[in-house]
Amino acid sequence: MKAAIYPGSFDPVTYGHLDIIRRASEIFDELTVSVLNNKTKTPLFSVEERVKMLEEATRDLPNVTIDSFSGLLIDYAARKDIHVAIRGLRAITDFEYELQIAQTNRKFSDGKLDTVFLTTSLEYAYLSSSTVKEIASFNGDISECVPDFVGRLLYEKYKETGAGNEQ
């Protein structure tokens, strides 16, 4: 049985992420989508909120499991006994960054963690969580970027925090 991990911050999950998740779930028998608890970043949503969003967004994919982790991906993958990481690529700049990480992970896992790159479908190549958050913070239309329930959560979060909405 072939298993893979798709790690990321998913703050929030976008249609670009979901494109990669769906395609990876067709390639691998089991796919673990795992939210990284990155202590160096201040996400808009908590790890628990991001896990719940991903669970809702992938509920129709029976071979997809949602999880979270902190620390190094190579350690997490070793604990799960998974030897493939999935990464999505939008542009050549993504590739340069992701290639370095993939090579580092392979080196420091003693060759036990490989990376499979999936290019994002063209209709989502412009998408990033950062852009979606910026548009939502000004109450812009993000309906083509995220599922409706994620959009509602984003607008609510910005309403609660009072961030953005300057006009």
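Me: Start with H1. Which of its residues are buried?
Reply: This is a predicted model. In H1, the buried residues are Gly16, His17, Leu18, Asp19, Ile20, Ile21, Ala24 and Ser25.

Me: How do you know that the length of helix H1 agrees with its residue count?
Reply: Helix H1 covers residues 15-27, which is 13 residues.

Me: What makes threonine 14 a cap for the N-terminal end of H1?
Reply: A side-chain oxygen of threonine 14 lies 3.1 Å from the backbone nitrogen of glycine 16. A polar contact needs N or O atoms within 3.5 Å, so this pair qualifies on distance.

Me: Why is aspartate 11 called buried?
Reply: Its relative accessibility is 4%. Buried means under 20%, so aspartate 11 counts as buried. Aspartate 11 sits in the loop between S1 and H1.

Me: What does the side chain of aspartate 11 make a polar contact with?
Reply: The side chain of lysine 133, at 3.0 Å. A polar atom of the aspartate 11 side chain also lies 2.8 Å from the backbone nitrogen of leucine 44. The cut-off is 3.5 Å, so both distances are within the limit.

Me: Which element gives the most to the lining of the largest pocket?
Reply: H4, with 9 residues. The lining has 44 residues in total, and the pocket holds about 1,200 Å³ of space. By class, the lining divides into 18 nonpolar, 18 polar and 8 charged residues.

How values were computed
Residues are numbered from 1 along each chain as its sequence is written. This is a predicted model: local features need pLDDT of at least 70, side-chain atom pairs count only at pLDDT 80 or more; totals for chains, interfaces and linings use all residues. Side-chain values use heavy atoms; hydrogens and water are left out. Helices (H or I, at least four residues) and strands (E, at least two) are DSSP runs, numbered from the N terminus. The expected span of a helix is 1.5 Å times one less than its number of residues. Buried means under 20% relative accessible area, exposed over 50%, partly exposed in between (1.4 Å probe, protein chains only). A polar contact is a pair of N or O atoms within 3.5 Å; within protein, one must be able to donate a hydrogen and the other to accept it, and residues adjacent in sequence count only if both atoms are side-chain atoms. On a 1 Å grid over the protein atoms alone, a cavity is a set of points where a 1.4 Å probe fits but cannot get out, and a pocket is an open set with protein on both sides within 12 Å along at least five of seven lines; lining residues have an atom within 4 Å of a point. Grid points are joined across faces, edges and corners, and a volume is the space filled by probe spheres set on the points. Ala, Val, Leu, Ile, Met, Phe, Trp, Tyr, Cys and Pro count as nonpolar, Asp, Glu, Lys and Arg as charged, and the others, Gly among them, as polar.
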